[in-house]
Amino acid sequence: MPHGTALPARYAVFGHPVSHSLSPAIHRLFGEQCGVALEYAAVDAAPEAFADAVHRFLSGAHGVNVTLPHKAAAFALADERSAAASRAGSANVLTRLPNGRLAAHNTDGAGLVRDLTERQRCALAGARVLLLGAGGAARGVAWDLLDAGVQELTIANRTADTAAALAGSLGVTRARAHYWQDLAELGRFDLVVHATSAGMLGQRLELPGSLVGPRTVGYDLSYGAGAQGFLDWARSAGARTACDGLGMLVEQAADAFALWHGRRPDTGPVYARLRTAA
């Protein structure tokens with residue numbers, strides 16, 4: 001929904017911490033490309049202050065992006081929720097509607113699929129996919145991977161019950177949970193998606209190399225230093241390519257931009273600029 005003249009072109013990303021976020025730079029570049037004048041800030045809000053901070057900001061603004069650890073809280077805060085947000089149980093976009101109500105949407109899964117299929121040349125139809133983790137990040141992309149036609153979605157998490165709950169919520173036999181300690185017995189996958197918080201927390205990631213073959217794509221949903229441990233593992237295991245989540249970040253941002261401004265920017269130049277600067 002394009003925003004009208006009644007609402008100022010003010011936007012922000014809310015997180016905790018959030019100083020590392022590339023979202024302000026991405027949306028400013030999108031605005032320059034599309035001729036949209038906008039202000040975009042980064043707001044660090046502690047969990048207990050998130051709801052009040054968002055309401056205060058959106059009382060005079062049009063929309064916000066939401067990153068860790070607030071995506072579930074953003075979903076709960078909304079008056080209306082898109083199908084993508086409802087399936088994930090989380091939101092990374094909140095939009096103030098003309099009637100003052102808040103609408104939640106989740107563009108993470110669509111952003112991942114677009115980056116994988118268009119930029120990384122990773123065919124998802126018929127693929128065997130391993131999803132490491134079963135928290136909010138994993139929930140945000142699991143449905144879209146299934147929609148893209150993956151043949152098998154294996155979910156592994158250190159807490160087995162959480163993996164089983166996510167697999168069960170997907171409601172299809174193509175999605176199944178496995179114990180983390182059984183990873184070495186699962187064979188090779190076409191795509192291994194890392195969605196745990198291990199890298200962000202600086203924890204050592206120990207995974208069996210048997211998960212990877214010469215055609216495997218390794219993909220970490222995070223970017224920057226937090227993704228490095230997984231990327232190093234994927235490369236050393238012999239993956240065809242190992243990618244961080246920068247492309248996903250740019251693609252999900254473009255979907256949010258289109259929601260707010262009625263036009264989807266060309267993500268290629270923005271991705272290339274950020275990659276060169278990284």
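The average pLDDT of the protein is 94, and 95% of the residues reach at least 70. Residues 3–7 form a stretch in which pLDDT stays under 50. For this stretch the model has eight contacts beyond four places in sequence. Where pLDDT is low, the predicted coordinates should not be read in detail.

The strands considered here belong to an open sheet. Six strands make up this sheet, in the order E2-E1-E3-E5-E6-E4, and their pairing is mixed. Strand E2 (39–44) and strand E4 are the edge strands, each of which pairs on one side only. Strands of a sheet pair through backbone hydrogen bonds, either parallel or antiparallel. Strand E6 takes part in both kinds of pairing. With strand E4 (residues 80–81), strand E6 (residues 102–105) runs parallel, and two bridges join them. Within this pair, Arg81 has Ala104 in E6 as its bridge partner. With strand E5 (residues 93–96), E6 runs antiparallel, and the two are joined by four bridges. Here Val93 is placed opposite His105 in E6. E5 and E6 also form a hairpin, with five residues between the strands. In this hairpin, Gly100 adopts a positive phi near 90°.

Helix H2 (residues 50–58) lies across strand E1 (10–15), strand E3 (63–66), E5 and E6. The angle at which H2 runs to E1 is about 170°. Helix H9 (residues 246–261) packs on the sheet and touches E1, E2, E3, E5 and E6. The direction of H9 makes about 10° with that of E5.

One cavity of 30 Å³ or more is present. The space in the largest cavity is about 50 Å³. Its lining consists of Ala84, Arg87, Ala88, Asn106, Arg139, Gly140, Trp143 and Asp144. Helix H4 (83–88) and helix H6 (136–147) are the elements that give two or more residues to this lining. H6 gives the most, with four residues. By residue class, the lining of the largest cavity contains three nonpolar, two polar and three charged residues.

Notes
Residues are numbered from 1 along each chain as its sequence is written. This is a predicted model: local features need pLDDT of at least 70, side-chain atom pairs count only at pLDDT 80 or more; totals for chains, interfaces and linings use all residues. Side-chain values use heavy atoms; hydrogens and water are left out. On a 1 Å grid over the protein atoms alone, a cavity is a set of points where a 1.4 Å probe fits but cannot get out, and a pocket is an open set with protein on both sides within 12 Å along at least five of seven lines; lining residues have an atom within 4 Å of a point. Grid points are joined across faces, edges and corners, and a volume is the space filled by probe spheres set on the points. Ala, Val, Leu, Ile, Met, Phe, Trp, Tyr, Cys and Pro count as nonpolar, Asp, Glu, Lys and Arg as charged, and the others, Gly among them, as polar. Two strands pair if DSSP finds at least two bridges between them. pLDDT is the predictor's confidence in each residue, from 0 to 100. Contact means heavy atoms within 4.5 Å. Axes are lines fitted to C-alpha atoms, for helices over the stretch in contact, and angles run from 0 to 180 degrees between N-to-C directions.
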